[in-house]
Amino acid sequence: MTTLRPDAGTAGVTRSAAGTRGETGGRPTVVGTPARRREDDRLLRGRGRFVADLRLPGQAQAVFVRSTEPHALLRAVDVSAARGDRRAVAVLSAADFPGGPPLLPSASGPVPGLPTAQPALATDRVRYVGEPVAVVVAADRYAAEDLADLVRVDYAPLPVVADLDAALRPGAPTLHPRAADQPGGPPGTPARGDDGAARDDSAGRGSAPGWGDNVEQVVRAVRGDVTAALAAAPLTFSVRLSIARQAGAPMETRGVVADWDRAAGRLTVWTPTQIPHGMRDAVAAALGLPADAVRVVLPDVGGAFGTKMQPYPEEFVVAWLSRLLGRPVGWVEDRAEHTVATVHGRDQHHDVEVGHDASGRILAIRDRMASDIGAYSFTNAAVEAIATPAAVPGLYRVPAYAAESLAVFTNKTPAGPFRGVGAAPATFVMERIVDLVAAQVGVDPAEVRLRNLIGPDELPYGPRTTLHLTQGSMPWPPHDSGDYPGLLRRALDLVGYRDLRREQAQRRASDPAGPLFGVGLGMFVEPSGDGKPELARLRVDEYGVVEVAAGLAPSGQGHETMLAQIVADELRIPLDDVVVRLGDTDRLRWGAGTMASRSAAVGGGAVRLAARALVERAVPVAARLLGVPASAVALTEHGFGRTDGTGAALDWASVAQAAGPTTGTGELAAEAEFRPAGIPFGYGVHVSVVEVDPGTGVVTALRHRAFDDCGTVLNPMMLAGQVHGGIGFAIGNALFEELPYTDDGFPLAGAAGYPLPTVSSMPADVWVAHAQAPAPPAAGRGGGDVKGAGEGGVIGGTAAIANAVADALAHRPGPPPARTPARTPAGTGAGGTLAFPSLPGIVGPEAVTRIPLTPPEVLRLLRAQPSPATGVPAAYPANTPDRRHAPNPGLSRG
Amino acid sequence: MSEHPVEVTVNGTRHRLDVPARLSLADLLREHLGLTGTHLGCEQGRCGSCTVLLSGEPVRGCLVLAVQADGAEVTTVEGVAADGTLDRVQSALREHHGLQCGFCTPGIVLTLRHLLDLPAPPGRDDLVAALDGHLCRCTGYVNILRAAESLIGPAPSERS
């Protein structure tokens with residue numbers, strides 16, 4: 001472990017090398033320096049160009065008519081009044097699409113043939129409030145909104161499935177009745193028959209849902225023999241942990257402008273998306289066009305966070321309209337629409353059984369989880385259900401583990417990814433488990449972590465978990481490199497953990513009626529990318545300007561700056577000589593896009609490889625000009641010169657001119673694909689310090705410390721910005737963000753707004769630092785030990801804040817809760833060298849088991865009575881029956 | 001729909017237009033004058049992205065009707081660096097990495113610009129109170145606040 005480097009993430013704070021031009025092997029580099037962002041000038045002047053800013057000549061504006069019912073048959077969609085208005089350019093419902101409106105694709109692998117895909121406009125049934133039913137086009141949006149009010153929709157309401165418990169209850173109404181029950185049957189007829197019994201729970205592989213219930217798919221993750229390990233564990237407990245429905249909520253909503261070129265037979269689509277090439281292919285398929293007849297262009301994007309990672313009905317319909325009308329058509333989502341029309345995330349229950357020993361070593365975890373994916377097999381609806389199960393054990397050994405994850409339909413807006421998908425809920429669950437184990441055995445949570453963390457000598461760790469998806473089984477990739485306990489120890493030192501515990505004890509003694517003080521830890525791994533490759537292309541013009549194209553699609557991260565830094569170093573040229581052009585599908589054959597913390601690690605790797613290929617192409621040209629063999633050419637900051645240092649050097653412009661199409665061998669350009677050999681796992685620990693007002697239940701985050709190892713730091717300023725932003729998400733996710741629905745399926749957030757953090761929600765004191773443990777040889781990493789860092793802030797931060805609140809509640813006045821007598825002296829377990837004092841812990845129904853920890857939730861916990869201690873059975877009952885439909889009593893001793 | 005004459009000076013340029021009574025000031029700026037730096041994030045007065053200065057006071061462009069701006073002077077983000085170089089608020093945001101996607105940034109620039117132009121210099125609490133009216137989903141506000149603090153005098157205790 002190299003030293004933890006307090007990060008100089010901002011200007012004027014240059015306490016480390018990060019504030020100066022870096023040095024590598026004696027030559028200056030810009031990688032590793034806080035280069036100011038090239039994106040900023042236009043954005044600060046109001047010259048950014050977002051999709052809502054585009055106005056093509058003749059552009060009409062579309063407005064969607066959306067379902068006001070959570071579940072209903074569509075008796076009639078009457079567009080005649082709207083169509084009759086002289087301002088109407090077009091008014092369409094599903095009936096106006098020959099052969100029906102295009103279906104949204106699904107990437108999540110539901111059962112083939114199961115008709116659970118969403119049509120771009122509702123056909124015979126609506127399944128969530130906000131589902132597009134019709135579209136109205138006028139010259140401007142004011143007129144289009146007037147006309148939308150004239151569309152009459154006749155609904156016949158159906159029974160509503162409002163949440164996970166309702167969806168999984170035997171006899172629940174089904175959102176997607178099996179074919180035999182179509183069409184319609186009597187509304188609301190329970191369409192069950194084969195039930196969940198059709199699924200073979202012992203098969204150990206992902207299985208198909210029956211058609212008679214609301215389960216879209218089942219995903220399993222298996223490591224070792226969890227049944228035997230639970231049976232053999234000296235201590236066990238079970239608990240239900242829950243995460244509310246939440247959302248990415250970027251400041252810029254979605255939008256699209258489509259322009260059909262009748263002469264060329266080509267469609268251009270401007271839309272803020274994380275997947276330009278994926279969007280191109282999806283729109284082309286929806287319109288029955290070849291992919292090369294569609295060009296997707298990325299405007300400036302006002303935040304995405306996963307919400308813009310899939311096509312939506314509106315892009316298909318607006319593209320269709322442009323072709324139909326032969327003119328450009330635009331649509332911009334408004335904020336009220338956004339809360340019901342853009343994917344939600346999280347919304348999970350985890351029924352967890354944990355086996356551990358008296359020293360706090362975790363021996364086995366079984367997790368039966370369910371994710372509310374909303375109403376359809378929307379593109380990435382099941383991503384949280386798929387990405388969570390294998391991620392739960394995180395950076396702990398957990399020798400035996402099994403998860404069964406149900407993706408469940410309800411009458412809500414379809415789900416999808418948002419920042420920390422899978423990893424954030426998994427980490428909340430695991431970090432709560434660790435703290436509950438610590439409470440059970442009476443050992444400090446930090447110490448329990450040290451006893452369970454995978455050691456540096458155990459890396460690479462895995463593959464140990466097998467993930468069973470409907471498409472087949474795959475090993476969960478091994479954790480590659482790092483020093484998890486080393487980072488935790490350094491972090492504990494740097495935050496003064498011992499002093500914090502002392503402060504806590506003093507406060508409790510001196511001011512028992514005052515605010516409750518809590519300290520929480522959140523440790524996480526952050527997979528960088530999902531294994532997909534990325535493509536980059538570099539070209540040098542005759543002036544020596546290097547143009548970079550890559551498949552990435554930024555939404556505020558600073559890709560233009562980050563990639564320019566890499567290229568400047570590789571080509572030994574000034575930053576200003578690099579132009580980065582991203583998000584135009586005509587510039588690059590394909591690209592995966594920006595998601596899953598992959599852009600720096602994978603996209604940056606592709607750009608680095610392309611730059612090296614460009615140098616390889618340039619060297620022979622330079623050699624010819626210099627009159628020496630290629631082996632005698634060296635690239636320095638002066639350009640291409642002789643290795644012996646004699647003579648003048650040639651700049652890139654001269655080489656490009658000599659290579660040019662008219663004078664030489666062709667354009668000086670190079671393309672490279674980077675296919676990562678594995679998935680680099682970033683990791684880290686967050687420490688949160690909070691105060692809880694025992695009278696109001698209000699949580700105030702006082703301090704937040706983040707320590708991570710994301711390998712080589714490309715730009716410490718932007719890296720800190722990513723972590724800060726993640727901490728902002730964590731504050732909201734842990735303390736108040738929620739998309740509530742009524743019991744009959746109506747969203748409440750549309751009117752009330754989705755609660756986002758403001759500046760005063762943030763801890764006054766935020767501190768970020770980075771470490772870099774030695775990594776294995778750089779092979780397969782694009783020549784750089786770069787790991788992702790875009791999501792760690794929310795992944796680790798949310799868990800740390802939740803644990804801090806739990807810790808504060810455990811330190812409420814009064815006698816400490818009774819606890820199991822099973823204890824071991826601190827410091828006796830594996831890795832246990834820190835002798836922290838034992839702490840009171842809460843293990844009963846008053847334990848923190850759900851986020852967000854809103855004031856009412858905190859007050860509920862404060863008023864709950866500590867549960868009396870009970871004896872701990874020596875063994876957990878083996879082969880517990882499927883509790884999928886059983887209400888969970890909350891945390892109870894097994 | 002009846003139209004109403006409006007005379008408004010935007011970033012020093014006078015405009016006379018006939019506009020519908022229901023047209024918002026933000027849409028006047030964006031749709032009629034082509035000043036798209038004023039961003040609409042919520043159209044409910046919540047996010048603050050559309051903040052502009054109306055006769056020197058910050059207002060939500062989405063909650064003010066264009067007709068209410070009749071006879072007034074309006075400053076938008078496009079008018080802040082009128083002479084070409086970034087204003088010190090803009091420079092501070094750039095130096096401190098106080099923006100990422102930049103969607104909320106124009107409103108924040110104008111709010112801070114207004115605070116700095118007040119006769120009494122703002123304190124840290126004033127900054128927090130004013131910035132509480134702006135939503136940002138990218139930065140966690142950490143560097144926005146640091147940028148703002150850098151504008152009100154000696155640097156606060158050094159943090160990293």
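Analyst: A salt bridge here means a side-chain nitrogen of Lys or Arg within 4 Å of a carboxyl oxygen of Asp or Glu. This is a predicted model, in which local features need pLDDT of at least 70 and side-chain atom pairs count only at pLDDT 80 or more, while totals for chains, interfaces and linings use all residues. Residues are numbered from 1 along each chain as its sequence is written, chains are lettered from A and ligands numbered from 1 in the order in which they are written, and side-chain values use heavy atoms, with hydrogens and water left out.

User: How many salt bridges does the structure hold over all chains?

Analyst: Side chains of opposite charge can pair when their charged atoms come close. Over all chains, the structure holds 69 salt bridges. One of these joins the side chains of A:Arg66 and A:Glu337, at 2.7 Å from N to O. That pair links distant parts of the chain, 271 residues apart: A:Arg66 is in strand β4 (residues 60–66) of chain A and A:Glu337 in helix α8 (residues 335–341) of chain A. Helices (H or I, at least four residues) and strands (E, at least two) are DSSP runs, numbered from the N terminus.

User: What area do chain B and chain A bury between them?

Analyst: The size of an interface is often given as the accessible area lost when the parts come together. For chain B and chain A the buried area is about 4,800 Å², with 52% of it on carbon and sulfur atoms; this is the loss seen by a 1.4 Å probe, summed over both parts. Chain B gives 53 residues to the contact and chain A gives 63, where contact means heavy atoms within 4.5 Å. The rule finds six salt bridges across this interface. A:Arg36 and B:Glu95 also meet through their side chains in a salt bridge, at 3.2 Å from N to O.

User: At what angle do helices α11 and α12 of chain A cross?

Analyst: Axes are lines fitted to C-alpha atoms, for helices over the stretch in contact, and angles run from 0 to 180 degrees between N-to-C directions. Angles under 35 degrees count as roughly parallel, over 145 as roughly antiparallel, 65 to 115 as roughly perpendicular and the rest as oblique. Helix α11 (residues 445–452) and helix α12 (residues 484–495) of chain A cross at roughly 160°, and their axes come within 10 Å. α11(A) and α12(A) are therefore roughly antiparallel. Their crossing is left-handed; that term applies if the near helix is turned anticlockwise from the far one by less than a right angle, and right-handed if clockwise. A:Ala446, A:Arg449 and A:Leu450 of α11(A) meet A:Pro485, A:Leu488, A:Arg489 and A:Leu492 of α12(A). By class this contact has five nonpolar, no polar and two charged residues. Nonpolar covers Ala, Val, Leu, Ile, Met, Phe, Trp, Tyr, Cys and Pro, charged covers Asp, Glu, Lys and Arg, and the others, Gly among them, are polar.

User: How does α10(A) pack on α11(A), and at what angle?

Analyst: Helix α10 (residues 423–441) of chain A packs on α11(A) at about 110°, with the axes 9 Å apart. That makes α10(A) roughly perpendicular to α11(A). The crossing is right-handed. From α10(A), A:Glu431, A:Val434, A:Asp435, A:Val437 and A:Ala438 meet A:Pro445, A:Val448 and A:Arg449 in α11(A). The residues divide into five nonpolar, no polar and three charged.

User: Where are the backbone features to check, such as the place of A:Pro852?

Analyst: Most residues other than glycine have a negative phi, and most peptide bonds are trans. A cis peptide bond joins A:Ile851 and A:Pro852, with omega about 10°, and A:Pro852 is in the loop between β31 (850–851) and α20 (855–863) of chain A. Another cis peptide bond joins A:Gly462 and A:Pro463, with omega about 5°; A:Pro463 lies in the loop between α11 and β19 (466–469) of chain A. A:Asp347 has a positive phi, near 55°, and is found in strand β16 (residues 345–356) of chain A.

Technical notes:
Buried area = accessible area lost by both parts, 1.4 Å probe.
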